[in-house]
Each structure stands twice: as C-alpha cells, then as structure tokens.
Amino acid sequence: MSHIDDRRPAKSPLSPQDIREAYADQPDEADRIVFGRVAHGDRRGFLKGAGLATMTAMLGAAIPFHRYMPSGLIPAAYAQDTGIDLMTGKDGLSLLSDRPLNAETPAHLLDDDVTPYSRHFVRFNGLVPQTALDQNAEGWRLTIDGEVDTPLELTIDDLKNNFEPVTRQMWLECGGNGRAFYQPGASGNQWSVGAIANAEWTGVRLRDVLDAAGVKPSAVYTAHYGNDVHLSGDVEKVVISRGVPIEKAMEPENMIAWAMNGEPVPALHGFPLRLLIGGYPGSASQKFLNRIWVRNQVHDGPKMTGYSYRLPAYPVAPGIEVPEEDMEILTVMPVKSLITFPESGAQAPVGQPTEIRGHAWAGAGDVAAMHVSVDFGQTWQEAALDAPPNKYAWQRWRADITLPEAGYYEVWARATDGEGKMQPPVVPGWNPRGYGNNMIHRIAVFAV
C-alpha cells in the first residue's frame, strides 16, 4: 500500500484574512512580508526563496509549478470567487489588479462621446457586494442623517417618485490617473491615462435630497457610505468613506444615480445607487450608496486622512517624505485632455491633412481652449472645441494636422481651463501617492 504524505509547511504567521487586510491597507508592507521585496509597483521576477516559503506556508500546501508563478500574484485562493469573471462585458481594458479589481481603458478606445459600459474604467478599493452581483435592490434604503432637521430613510422608489429626475453626462476620473509617470514611482495602481470615462447618468439632484432633509447651519461636510465589502472579508469594516464640503455638495450638478447609459447602474459601477460629485476625484462619487451622513466637521472616514487622496500643502522635491499634517485633501481635479484618434503609432500621409481628435475636461468647469503641437511644443495650433452638453461633461475637440515630410512625429494635446490654467508638458508637482497628474497627452505618428 502506498503512503500518502500529508505533511504541510509550517503554519504561516499570516492568515488569509491577514493577507487580505495587509493588501487592503499596506500593499507595500504586504509585498515585503510575502515576497521579500518592497516595490509594490514593480514586482518583477519569479517566486523563490523566502517568498516561496512564506507563500507555501500561507496556502498550507506546496506549489509544484512555483517557478512559473509571478512574484506579485496574489493566489486565487484568496481572491473573490467571481474574480475576473466580473470583467465580462468589458472590451479591451488593461487589468491593473484583480483584488481589488482595477482596470483602465486605452486612450484610443475612449473616442465615444458617451463612454459605453464596455469601455468604462473600473476602480475598486474593496469587493463587489452580493447585492450588486445579484442586481437585487429589494429593501434598499438610503439614509440621510447627521446635521439635518429631518433624517430620511429613502427607497429607490421614493427617489424616483418624490424628486425631479435628471439625466446628465458626467466624467469620472480616478485621482491617481497618470500615476505611472511619476518619478520616483508613487505607490498604488499604476494608472497611465485611461482611468477616465464620460457616461450618461440618470437620477436625482443630491441638493434636492439634502434640501428635503433640511441641512442645518452647523453642516460642514458630507460623509458617504456604501455596502462594498472590505478586502479582509470583514463586513463590519468600512472600505472607503469620503465626503465633500457642504457647499460643494449643494451644487445642482451633483447626482444620486440609479441608471448609467439608460440601464440600471451595473455591478462594477455601484448598483443600485451611486453618487456623482462633479469635478472632484472619482473617490468622492461613492458606489453602492446607502448613507449620506452630514457632519459638523471635515469628514475623517477611511481614505480621507493620512496620504489617501491628499497632496502636499507646498511644493516638495521628488521622493521626499512629507509629514501627514502637511497633506491637504485633493478636491478639484486639474484641467486635462486625451487624444483618442488616431491610435498611437498610426501612419499619416505626408503633406495631407490628418484629423486628430479627443476629449478635454476640467474640475473647475468648462475647458476654454484646446491646442495641439507636432514639433514637440515649439509651436501650437488651436483645435476646434465643442461646448459640453452640460457642466462636468467632457468636451470633444478636433484638429487637422499636416506633416511636412516623412518621419517620426509626436502629436501633443494641451487643454486650458476657464481660469487660464493649462496642462504642463511634464509631470506636475511630485506627491507621495501620485495624484493629480495632468501632463499633456502625446501619441506617436509616422508620416509616410
């Protein structure tokens, strides 16, 4: 009779829940513990040595093909059961992480004026709740409480029947869009340019709901909550809770939405309700919205303090440590633009007009001007710029360029907002988490 060796590696000091919490709260430290390295944004190489021993102990089993396992891969044993299946229906997105799920859209796939579901980027801090996966909103309640005269408990039908419905286009951009270009590198998902989208949303004005509750003079800030699940699996832990100044919350453009592009808000984008705060980083637009707490102080929920979505209060040298007390909340997103046609690397005929087009947007309001350059910024040509269909929707721009001779060219795009602020040619002020990069977008074009 053969003997089955059921011996397993010694128990890991980190349980599955510990691993989940580590990657949720301190990904760099989790990498150091599990893989024996600290560069979360650049985990190249293969699993070996101490990292292999830790991983096998963590799993409680040997990994026969460990030599082929990328060192930065979190085992599927610890991933959400639905995993990458959640990306069904997405088209051409680049996956940055699977736990939490984050994926960006290549620039040339963002040419639509209204971004379809298939090409809308995905940004998560936690896991998708089961209610969203099941598309089950039965019994859903939205609570409005805190510094209000009349706390409210609203069903989705209450929102639809008791408030004026509105439909608007609104862009959403991750505060870390462009992080990949900071040097030295900043921690977090290495977004390039594709954490931006402009969908059409249907819902009610946030201001109307707050007015119904009666905001007290003592109100200072909102605090937003959803029912997404913490990476640890602990349902008592809040994944992310951000907020905005009450003056911002009362702007008429902000929405509580139940539909995206004419359909119920999809699971990946916040079913059954999501908040939309125009001009602010997407993190302020809470998904799976079930509570708005009006506070008499600046909100201090998860991802509101420390270095999360914050910038230094003063210019700092690249790589310098900035004390937490010197960090300020990222609010208005900077002016920005994107070249969506042609795709980088395209060919263009020498001496003939070639259309270049894209979108531009600004957290401070409408974009005022758009320019392109084909000589590395030595001269700039004004592009035609459409007015937005509504405030906080992105704007279509177009230009015809003529390349004088065969060779390699770069097309640079630069937007200017209504305050005269324009995109810089290089990465703007360095910050520890790589937020707010609005450097000009550029593509390669070969004249033939």
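# Close-up views of a predicted model

View 1. Strand β4 (residues 142-146) runs parallel to strand β12 (residues 289-295), and the two are joined over 4 bridges. Within this pair, Gly146 has Val294 of β12 as its bridge partner. The model shown here and in the other views is predicted. Both strands belong to an open sheet of 4 strands, in the order β5-β4-β12-β8. Pairing in the sheet is mixed. The edges are β5 (152-154) and β8 (221-226). Each edge strand has a single partner, so one side of each is left without a neighbour in the sheet. Direction ignored, neighbouring strands are turned by 15° against each other on average.

**View 2. Helix α6 against the sheet.** Helix α6 (residues 206-213) packs on the sheet of View 1. The helix touches β4, β5 and β12. Its direction makes about 135° with that of β5.

**View 3. The largest nonpolar core.** This core holds 29 residues. Seven of its members touch the most other members: Ile144, Leu159, Leu206, Val209, Ile256, Leu273 and Ile292. Which elements give two or more residues to the core? They are β4, β5, α5 (156-162), α6, α7 (246-249), β9 (255-260) and β12. Helix α6 gives the most, with 4 residues.

View 4. Residues up to four places away in sequence are not counted here.

View 5. Asp91 sits in the loop between α3 (49-59) and β1 (94-98). Arg119 sits in the loop between β2 (101-104) and β3 (122-123). The two residues are 28 residues apart, and the pair links distant parts of the chain.

View 6. Arg396 lies in strand β21 (residues 395-402). Asp111 lies in the loop between β2 and β3. The pair therefore ties together parts that are 285 residues apart in sequence. Both Arg396 and Asp111 are buried.

View 7. Glu173 is in strand β6 (residues 165-173), and Lys336 is in strand β15 (residues 336-341). The partners are 163 residues apart, and they link distant parts of the chain. Both Glu173 and Lys336 are buried.

View 8. Shared partners join Asp111, Asp113, Glu355, Arg357, Asp386, Arg396 and Arg398 into one network of salt bridges. The chain has 16 salt bridges in total. Strand β17 (residues 353-361) pairs with β21 in the antiparallel sense, over 8 bridges. In that pairing, Glu355 has Asp400 of β21 as its bridge partner. Strand β20 (residues 384-385) also pairs with β21 in the antiparallel sense, over 2 bridges. Here the bridge partner of Ala384 is Arg398 in β21.

View 9. Glu410 is found in strand β22 (residues 407-417). Is Glu410 buried or exposed? Glu410 is buried, because its relative accessible area is 9% and the cut-off for buried is under 20%. Leaving aside neighbours within four places in sequence, Glu410 contacts Ser373, Val374, Phe376, Arg442 and Ile443. Glu410 and Arg442 are 32 residues apart along the chain, and their C-alpha atoms are separated by 6.4 Å.

**View 10. The whole chain, for context.** The chain has 7 helices and 23 strands. Of its 448 residues, 52% count as buried. Among contacts between residues at least 6 apart in sequence, 69% join residues at least 24 apart. The accessible surface comes to about 19,800 Å². Carbon and sulfur atoms account for 51% of that surface.

Notes: Residues numbered from 1 in each chain as written. Predicted model: local features only at pLDDT ≥ 70, side-chain atom pairs only at ≥ 80, totals over all residues. Heavy atoms only, no water. Pairing = 2+ DSSP bridges. Axes fitted to C-alpha atoms, helices over the stretch in contact; angles between N-to-C directions. Contact = heavy atoms within 4.5 Å. Core = buried A, V, L, I, M, F, W, Y, C linked by side-chain atoms within 4.5 Å. Buried < 20%, exposed > 50% of the residue type's maximum accessible area, 1.4 Å probe, protein only. Areas by Shrake-Rupley, 256 points an atom, 1.4 Å probe, with all protein chains shown as cover. Salt bridge = Lys/Arg side-chain N within 4 Å of Asp/Glu carboxyl O.
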